[in-house]
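This report goes through one protein model, with attention to its surface, its core and its charged contacts. Please keep the sequence and the structure in view while reading.

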Amino acid sequence: MSFSDIILIILSSAGLLHGILFAFYLIAGKKKKTLSNRLLGLILIFMAFRIGKSVLMYFGNDLEPVFIFIGLAFLLVIGPLLKWYVLSMIQPGFQLHRRSVAIEMIPFGLFFLASMFVTKEWFESSKWVVPVFSAGLIFIYLHLAFYISMSWRLFRKVEKNKLARGAQTR
């Protein structure tokens, strides 16, 4: 292992640790236990898991494919969490409803469950790996892009309303 690999492991691990610690502070801190802080904390935790998965992939020689798929499944959680975080920041009194949470977590649940059945033998020898993996990647990144664009549109809508109100008061 080279010196640059050691530095990369240390920096990646430090970033991972800081993300998790800050997330726990936001979620369990005594001050300001708001929904937006909890949602941001959850986003940080899932992002930290994604970083950890990438570090394992880079430095691990025989990483089980289930870790790759579970890491990808976390992207299906980050999208809805981002949308809810933006909504909690722009709408006073925003509440999460169990039904909408359950509906928006269906893709994550299905992909997470499916990833539990990925074995190393199937991943290395099946002719279906490339089509299944490609379709999964396309779906996951389109799903995330959809939620990022939705969050951006919600934010821009509020910004336009603020600008319009500011122009009316002048």
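Ile6 is located in helix 1. In this predicted model, Ile6 has 37% relative accessibility and therefore counts as partly exposed. Ile6 belongs to a nonpolar surface patch that also includes Met1, Phe3, Ile7, Ile10 and Leu11. Together these residues have about 670 Å² of accessible area.

Helix 1 covers residues 3-28, and its end C-alpha atoms lie 37 Å apart, in agreement with the 38 Å that 26 residues should span at 1.5 Å a residue. Its buried residues are Ser12, Gly19, Ala23 and Leu26, and these pack against helix 2.

Helix 3 also has 26 residues, and from its first C-alpha to its last it reaches 39 Å, close to the expected 38 Å. Of its residues, 21 are buried, so helix 3 is largely enclosed by the rest of the structure.

The largest nonpolar core has 23 residues. Those that touch the most other members are Phe46, Leu72, Leu75, Leu81, Phe108, Phe111 and Ile140. Two or more core residues come from each of helix 2 (35-59), helix 3 (65-90), helix 5 (106-115) and helix 7 (129-169). Helix 3 supplies the largest share, 14 residues. Leaving aside residues up to four places away in sequence, Phe46 touches Phe74, Val77, Ile78 and Leu81. In soluble globular proteins, nonpolar side chains tend to be buried together.

How many salt bridges does the model contain? The count comes to one salt bridge. Lys83 pairs with Glu104, and their closest N and O atoms are 2.9 Å apart.

Phe117 sits in the loop between helix 5 and helix 6 (120-125). Its relative accessibility is 68%, so Phe117 counts as exposed. Phe117 and Trp84 are 33 residues apart in sequence, and their C-alpha atoms are 30 Å apart in space.

The table lists the accessibility of individual residues.

| Residue | Relative accessibility | Class |
|---|---|---|
| Ile6 | 37% | partly exposed |
| Phe117 | 68% | exposed |

Methods:
Residues are numbered from 1 along each chain as its sequence is written. This is a predicted model: local features need pLDDT of at least 70, side-chain atom pairs count only at pLDDT 80 or more; totals for chains, interfaces and linings use all residues. Side-chain values use heavy atoms; hydrogens and water are left out. A nonpolar core is a set of buried Ala, Val, Leu, Ile, Met, Phe, Trp, Tyr and Cys residues joined through side-chain atoms within 4.5 Å. Buried means under 20% relative accessible area, exposed over 50%, partly exposed in between (1.4 Å probe, protein chains only). Helices (H or I, at least four residues) and strands (E, at least two) are DSSP runs, numbered from the N terminus. Contact means heavy atoms within 4.5 Å. The expected span of a helix is 1.5 Å times one less than its number of residues. Patches are made of residues with over 30% relative accessible area and no salt bridge: like charges are joined within 9 Å, nonpolar side chains (Val, Leu, Ile, Met, Phe, Trp, Tyr) within 5 Å. Accessible areas come from the Shrake-Rupley method with a 1.4 Å probe; for residues, only the protein chains shown count as cover. A salt bridge is a side-chain nitrogen of Lys or Arg within 4 Å of a carboxyl oxygen of Asp or Glu.
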